[in-house]
Amino acid sequence: MKLAIISGSHRLESQSERISQFLANRVLELSLFDSVEILSLAGNPLPHWDESIWRGDEQWQARLAPWKQKLKEADALIVVAPEWSGMVPAGLKNFFLLFGTAELGHKPALITAVSAGQGGAYPVVELRTSSYKNCRICYLPDHLIVRHVGQVFTGEDPEGDKHLQDRVDYCLKLLKAYSTGLQHVRESGVVDHKTFRNGM
């Protein structure tokens, strides 16, 4: 089974990307998925959505094709969302405009919010409220919040790191279990995205 991690920060060398890499390494250490791909939004690789995408614009198709392929192949996802002024970055919200049911539908996803301070709850709420409707991504009931991220998994607080890593391991194992279960749902023949194209 394959896992895709969306590193949702536009910034280069961001904490979100560091945490994404930590999660990828941990997945492989625990042998939970056969492969892990980090898809980073650093440097804004995906332009903002515009109407030409609906018209089959060749430049859009060429730009999105590699991302679509990797997302279609994924059995599960982790969405790493930094908190910028209490919000999810625009590039990450844009991601959910560009990719839909064909890439994300009925696949489990673990939200991992990242905060430089004591925050981190707002990205969780925002993603659960407004990112799933049309793409049908299935967020796990559990999520992760990495607070004071600059000090996490750096060796500064071994006791705190151990507590968070235990939670990380639990959530990653849960994600694997959901990925197995939802694979059956996608293969069941019940899913009908042609008749019911958009969520309610």
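**Cysteines and rings**

Reply: Happy to! The sulfur of Cys-138 is 8.8 Å from the closest cysteine sulfur, that of Cys-135, which is too far for a bond. The model is predicted, so local features need pLDDT of at least 70 and side-chain atom pairs count only at pLDDT 80 or more, while totals for chains, interfaces and linings use all residues. Residues are numbered from 1 along each chain as its sequence is written, and side-chain values use heavy atoms, with hydrogens and water left out.

Me: How many disulfides does a search of the whole structure find?
Reply: A disulfide is a pair of cysteine sulfur atoms within 2.5 Å. For Cys-171, the nearest cysteine sulfur, in Cys-138, is 16 Å away. Searching the whole structure gives a disulfide count of 0.

Me: Is Cys-171 buried or exposed?
Reply: Buried means under 20% relative accessible area and exposed over 50%, with partly exposed in between (1.4 Å probe, protein chains only). Cys-138, at 25%, is partly exposed. Cys-171 has a relative accessible area of 0%, so Cys-171 is buried.

Me: Are the rings of Phe-22 and Phe-153 stacked or edge-to-face?
Reply: Rings of Phe, Tyr and Trp (its six-membered ring) pair if their centres lie within 6.5 Å; planes under 30 degrees apart are stacked, over 60 edge-to-face, and the rest tilted. Here the centres are 3.9 Å apart and the planes at 15°, so the pair of Phe-22 and Phe-153 is stacked.

Me: What is the angle between the planes of Trp-49 and Trp-54?
Reply: Trp-49 is partly exposed at 26%, whereas Trp-54 is exposed at 69%. Their edge-to-face pair has 5.1 Å centre to centre, and the planes are at 75°.
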